[in-house]
Amino acid sequence: MFIRTRCLQITAALASISLLAGCGLLSDDKGDGAKRIVVGTTSAPSTLDPAAAWDGSWELYRNVYQTLVAFPTGSTKPQPDAAQSCEFTDAKNESYRCTLRKGLQFSNGEPLDAKAVKHSLDRIKTIGSKVGPKDLFGTLDKIETPDALTVVFHLNTPDATFPFVLGSPAASLVAPKEYPADKVREDGKVVGSGPYVLDSYKEAGEAVLTRNESYSGFANRRNSGVTIRYFAESPKMIAALKGKEIDAIYRGLSASEVLDLQSPASHSQGVQVVQNVGAEIRYLVFNPKDPAVAKLAVRQAIAQVIDRGSLVSKVYQGTAEPLYSMVPKGVVGHKTPFYDKYGPANVANAKKILKDAGITQPVDLTFWYTTDRYGASTADEFTELKRQLDESLLFRVNLRSAPWKAFQEGYKGQEYPVFGRGWFPDFPDPDNFIAPFVGKENAVGTPYEPAEILTELLPKSRGEGDRSAGSPHFERAQQIFAEDVRLLPLWQGKLYVASREDIAGAERALDPQTVMQMWEFYRKTSW
């Protein structure tokens, strides 16, 4: 599972700084420690309503909304947050009961009671946003509220992962009077019960967060507030960090930018970098509506041609590593089925696969990627993929791109033959690297219904309260992915947070879902 709380040595020049900050040898309980922190990112929210986002918007949600359970730093199992306690009440993992803390309220004064919880989660399915998290709640049948502090979730099938879903920002709790039951809120405001209140928000500009004085939960806020600045381009964000306009950076750094920030020159400018273990993955999605991509031989030949080692070396320069499964290294049940089946990149083998299928002419393909979600290296990545496939003389690749909002509409509308996606875990369990990608409706917008995974492997694994006991089922699911090649894993990344040297808490700020917990940042009081 994911462990993200170790003190990590980065480079010799930064080691002493990172270790001091990470191990808490500098106190933050006096002086400047609690002052406002300014954080930069290229990952702006697509919406402020949790019912309509299953993307990087979660970075903001975790800090302004609350969930019944959550993942405090260091935990890989859900712990109580808005709930006082939660547990399955049956041996089959089909009934999950939560008891709320007493006296909880939203920032507008509304009580956070059982009815508010039911309203928050029911509206996700009622609204049914194509880009929302409704598919995460596929096993939820109905919600009962026997009293003001008790919520009972009845599932339509055993699902030991349901508590993990409740711990994700998908299950953010919203004030019923402020959020309609049947439509998305679109006024650019937030009313939640999380650690911070959203004082103001400017789309593609900034979000100003201030401590929520009525908050009651696990977060230990180490600053008075946070301003999140959204940048369209990472070079401007880095310039702002070096120019002391912002205090920290997360998301959106290219490999060359990470290396620059780790350099002695940047260190001399007062910049430090913390590296965390990452479960971020990148992969290609193949849409069988496209005549060429519908052919298994074409997909298998692509899998045979792509050289992940070269891709990672040229584009990511040590900040990522090749990935041969949708389940990344560090997650229980990880295997390497794509390497086991296809081995190293081999054009001759790919040519034979196509020839055996009667394909003797170069295959024309269009690859799509988003320009403003995953960082500046994305364009370079797809340029390298095109180079590899074109040079094989087996394919002719045309590259297309679009901003994230338009890109979402395109892939959800099944308009793209082949497209690139990134995945950050919704929760720390191998189920979350298998289940979201299968089914008639799934996270990538292209129906994929492998019967064995849907009717046998996932149901069996979800019946296991001991999550490690489900490993054999996940291992088999990974093999099926490699046989079908509807998804093609490319690489697994590392996580980096860059900050000014007077900022501490970066090594604790990423939770097991790789979502930023802004309350962990603070300004050192002695230097």
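**Close-up views of a predicted model**

**View 1. Helix 9 packs against helix 12.** Helix 9 (residues 308-316) and helix 12 (residues 377-391) pack at an angle of about 140°, with axes 10 Å apart. Axes here are lines fitted to C-alpha atoms, for helices over the stretch in contact, and angles run from 0 to 180 degrees between N-to-C directions. The two helices are therefore oblique to each other. Angles under 35 degrees count as roughly parallel, over 145 as roughly antiparallel, 65 to 115 as roughly perpendicular, and the rest as oblique. Helix 9 supplies Ser-310, Leu-311, Lys-314, Val-315 and Tyr-316 to the contact, and helix 12 supplies residues including Ser-377, Asp-380, Glu-384 and Arg-387. Contact means heavy atoms within 4.5 Å. Helices (H or I, at least four residues) and strands (E, at least two) are DSSP runs, numbered from the N terminus.

The model is predicted: local features need pLDDT of at least 70, side-chain atom pairs count only at pLDDT 80 or more, and totals for chains, interfaces and linings use all residues. Residues are numbered from 1 along each chain as its sequence is written, and side-chain values use heavy atoms, with hydrogens and water left out.

**View 2. Helix 8 runs beside helix 11.** Helix 8 (residues 296-305) and helix 11 (residues 347-356) pack at an angle of about 175°, with axes 8 Å apart. That makes helix 8 roughly antiparallel to helix 11. Ala-297, Val-298, Gln-300, Ala-301, Gln-304 and Val-305 of helix 8 meet Asn-349, Ala-350, Ile-353 and Leu-354 of helix 11.

**View 3. Ser-392 sits in a loop.** The loop lies between helix 12 and strand 16 (395-402). At 9% relative accessibility, Ser-392 counts as buried. Buried means under 20% relative accessible area, exposed over 50%, and partly exposed in between (1.4 Å probe, protein chains only). Beyond its neighbours within four places in sequence, Ser-392 is in contact with Val-305 and Val-347.

**View 4. Helix 15 and its cover.** The 14 residues of helix 15 (residues 471-484) should span 20 Å at 1.5 Å a residue, and its end C-alpha atoms are 20 Å apart, which agrees. The expected span is 1.5 Å times one less than the number of residues. Buried residues of helix 15 include His-473, Phe-474, Ile-480 and Phe-481. Their cover includes helix 10 (337-342), helix 14 (451-462) and strand 18 (487-493). Just after helix 15, Val-485 takes a positive phi of about 50°.

**View 5. The largest nonpolar core.** A nonpolar core is a set of buried Ala, Val, Leu, Ile, Met, Phe, Trp, Tyr and Cys residues joined through side-chain atoms within 4.5 Å. Of the 142 residues in the largest one, Phe-137, Phe-153, Phe-395 and Phe-521 touch the most other members. Helix 3 (residues 114-127) gives this core its largest share, 6 residues. Apart from it lies another core, of 15 residues, among them Phe-231, Ala-240, Ile-246 and Leu-253. In soluble globular proteins, nonpolar side chains tend to be buried together.

**View 6. Pro-163 in helix 4.** Pro-163 lies in helix 4 (residues 162-166). At 8% relative accessibility, Pro-163 counts as buried. Leaving aside neighbours within four places in sequence, its contacts are Val-69, Pro-78, Phe-88 and Tyr-96. Pro-163 and Phe-427 are 264 residues apart in sequence and 9.6 Å apart in space, C-alpha to C-alpha.
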